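Here are a few notes to read alongside the model. Have a look at it first, then go through the points in order.

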Amino acid sequence: MFKGSENLALFQVRYKSGGGFRPKKKVYHRVHELDKAIDLKKKPALILQLKSMIQAHKHGRILLRDLEKHVGFVQKWNLMAAIEKYPSIFHVGGGNREPPCVMLTEKAQKIADEEGEAIESMEPILVNNLRKLLMMSVDCRVPLEKVEFIQSAMGLPHDFKSSLIPKYPDFFSLKVVNGRVHLVLENWDSSLAITAREDSLVREGVLEKRHKVRITKDGNFLGPNAFKVSFPPGFRPNASYLEEFEKWQKMEFPSPYLNARRFDVADPKARKRVVAVLHELLSLTMEKRVTCAQLDAFHSEYLLPSRLILCLIKHQGVFYITNKGARGTVFLKEAYDGSSLIEKCPLLLFQERFVSLCGRRKVNNVCNETQSSSVIL
């Protein structure tokens, strides 16, 4: 099982040689810009967490003495530091026998009131993404606990089970299967069985281009079966590697929306399909990234390979694993320009607007590094 990117430092690859099998170290190249994307989310996450806590209270304020009760002793001091550091967002009131409390400033409250519009804009996106998530699974159903596990990454509201699912009985239902509650797809929609990769090819007009194009030195190839890749700066593929990679890029493969049980796992086309499944799953998330644990949770639903980390490492031009932060994270590389997400959903745009009140510069202005380092595996 895929236990997280902390296993990277322990991983060894065996290469076959004339004298038999011998262990040989392989280099996994770091991408500093994507590592920084994790760090650059820490402060916004803290601000948004405190905003949600304040809004959850009836009068739009929370007593400072109650912070520890909600988040624990350590996190309490992180929130207290944020309150002091960002007076343009948080205001401390009280005094005259009233205990001190924190609330949003008038300007922050004005922007916070726009969140409802962003959430409303998100609903059709979330409904389609949930349907696609279920359509990719072998039985068109996923245990509810696994959907809840990935709900924050997809942008689902915390109460989606009661606020979203019942609104669409033609699409979803909740059923108990083998003693577990599952989210079940009620109707298959062929128009949704188009991957983000295919949609991008259509928008770029690649599918209409029939002239012959050879693969470039960066590994990219304009073809209907190709994936966008971005090799790390420290990775230098030789001619034989590019030749084999061109064959892989040109190779046809089954759609992620076809049932995985129909294919032999040893078939190269089926293995390429796994890459497409991972690509599509990441594309369904708001920030085109998930924690290693979240990705690992869908092994049985999508019949993912048991040694999933090997697949991710092998295709480091498509995916990137970082162990920055408390949990390992898997990125879809093509979705990022440096440390900045290229396409943002309405909810992310709202959050970015709210956090900008603290005067924090945009991610893509902060981080424009091109260096990379290497981790010996």
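1. Start with the largest pocket: 41 residues line it, and Ala45, Ser152, Ala153, Met286 and Glu287 are the ones nearest its centre. A pocket here is an open set of points on a 1 Å grid over the protein atoms alone, where a 1.4 Å probe fits, with protein on both sides within 12 Å along at least five of seven lines; lining residues have an atom within 4 Å of a point.

2. Before going on, note that this is a predicted model: local features need pLDDT of at least 70, side-chain atom pairs count only at pLDDT 80 or more, and totals for chains, interfaces and linings use all residues. Numbering runs from 1 along each chain as its sequence is written, and side-chain values use heavy atoms, without hydrogens and water.

3. Which element gives the most to that lining? It's α2, with nine residues. At least two residues each come from α2 (42-56), α6 (115-136), α7 (144-154), β10 (289-291) and α15 (346-355). Helices (H or I, at least four residues) and strands (E, at least two) are DSSP runs, numbered from the N terminus.

4. Sorted by class, the lining of the largest pocket holds 18 nonpolar, 13 polar and 10 charged residues. Gly counts as polar here.

5. Now for a sheet: three strands make an open one, ordered β4-β6-β5, with antiparallel pairing. Its edge strands, β4 (61-63) and β5 (90-95), each pair on one side only. Two strands pair if DSSP finds at least two bridges between them.

6. Between β5 and β6 (residues 98-104) there are five bridges. Look for Phe90, which stands opposite Leu104 in β6.
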